[in-house]
Amino acid sequence: MRVLEIVDVGKTYAGTALFSDVRLTVAPGTATALVGPNGCGKSTFLRGVLGTEPFDRGRVLLDDVELDERDPAVRAAVAADIEELPAFPDLSVREHLELLARAHATPDPGTVVDAALQELHLVPAADRMPATLSSGQRRRFAFGAWLVRPRRVLLLDEPEHHLDDEGRTWLAERLRAERGAGTAVLFASHDSVLVERVADAVVRIGR
């Protein structure tokens, strides 16, 4: 049943340990929340899991195989919203999401993108350039990037950021739906209500 297994990982900056010997497993259909104060290393931990900023020690396994973000099988399985989504200046919101859907071989990409735009309340902004969006719209645009692609593992860094109360309610419901669909969810959050509503397990990062 294991999908994502993180084994005794650690990270040190300037001789000071951000975290050490962290071990956790995120099984299909479960969600684990990373909590802790600002600067404790939650974002660094997620980047380490994804492989964009490697841990100093320890291992990350996907289906019992060392996770390598360069591997096409890993890119097909793992969706992440850890840093701001890069955008092409001459592509609209809809065009970006269609490009991502097609790149990940999503069946019927046009229908999937239309559904995502509707769910995210981005239909009025669909033909705008991402640079013109408000901070809340950009947050929802980033959600669209993983909504339009297949995923077995979902990594999110403070997904509640820039969302109003309605948006946070939607987010909790969506992450619960992800669990129900069998996705393994690992997310960092400062929102105790979101953590309580979504997480099966809570892991504190840092000291």
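Reply: Start with α3 (residues 93-103) and α4 (residues 109-119): their axes come within 9 Å and cross at roughly 130°. That angle makes α3 oblique to α4 (under 35 degrees is roughly parallel, over 145 roughly antiparallel, 65 to 115 roughly perpendicular, and the rest oblique). This is a predicted model, where local features need pLDDT of at least 70 and side-chain atom pairs count only at pLDDT 80 or more, while totals for chains, interfaces and linings use all residues. Residues are numbered from 1 along each chain as its sequence is written, and side-chain values use heavy atoms, with hydrogens and water left out.

Helices here are DSSP runs of H or I with at least four residues, numbered from the N terminus. Their axes are lines fitted to C-alpha atoms over the stretch in contact, and angles run from 0 to 180 degrees between N-to-C directions.

Back to the pair. The crossing of α3 and α4 is right-handed (the near helix is turned clockwise from the far one by less than a right angle). On the α3 side, the contact (heavy atoms within 4.5 Å) is made by Val93, Arg94, Leu97, Glu98, Ala101 and Arg102. Pro109, Val113, Asp114 and Leu117 make it on the α4 side. By class, that contact has 6 nonpolar, no polar and 4 charged residues (Ala, Val, Leu, Ile, Met, Phe, Trp, Tyr, Cys and Pro are nonpolar; Asp, Glu, Lys and Arg are charged; the others, Gly among them, are polar).

Helices α3 and α5 pack at about 25°, and their axes lie 9 Å apart. So α3 is roughly parallel to α5. This crossing, too, is right-handed. From α3 come Val93, His96, Leu97 and Leu100. From α5 come Phe141, Gly144 and Ala145. The classes are 5 nonpolar, 2 polar and no charged.

Charged residues number 4 in the α4 contact, while the α5 contact has none.

In short, α3 is oblique to α4 at roughly 130° and roughly parallel to α5 at about 25°.

Notes:
Helices (H or I, at least four residues) and strands (E, at least two) are DSSP runs, numbered from the N terminus.
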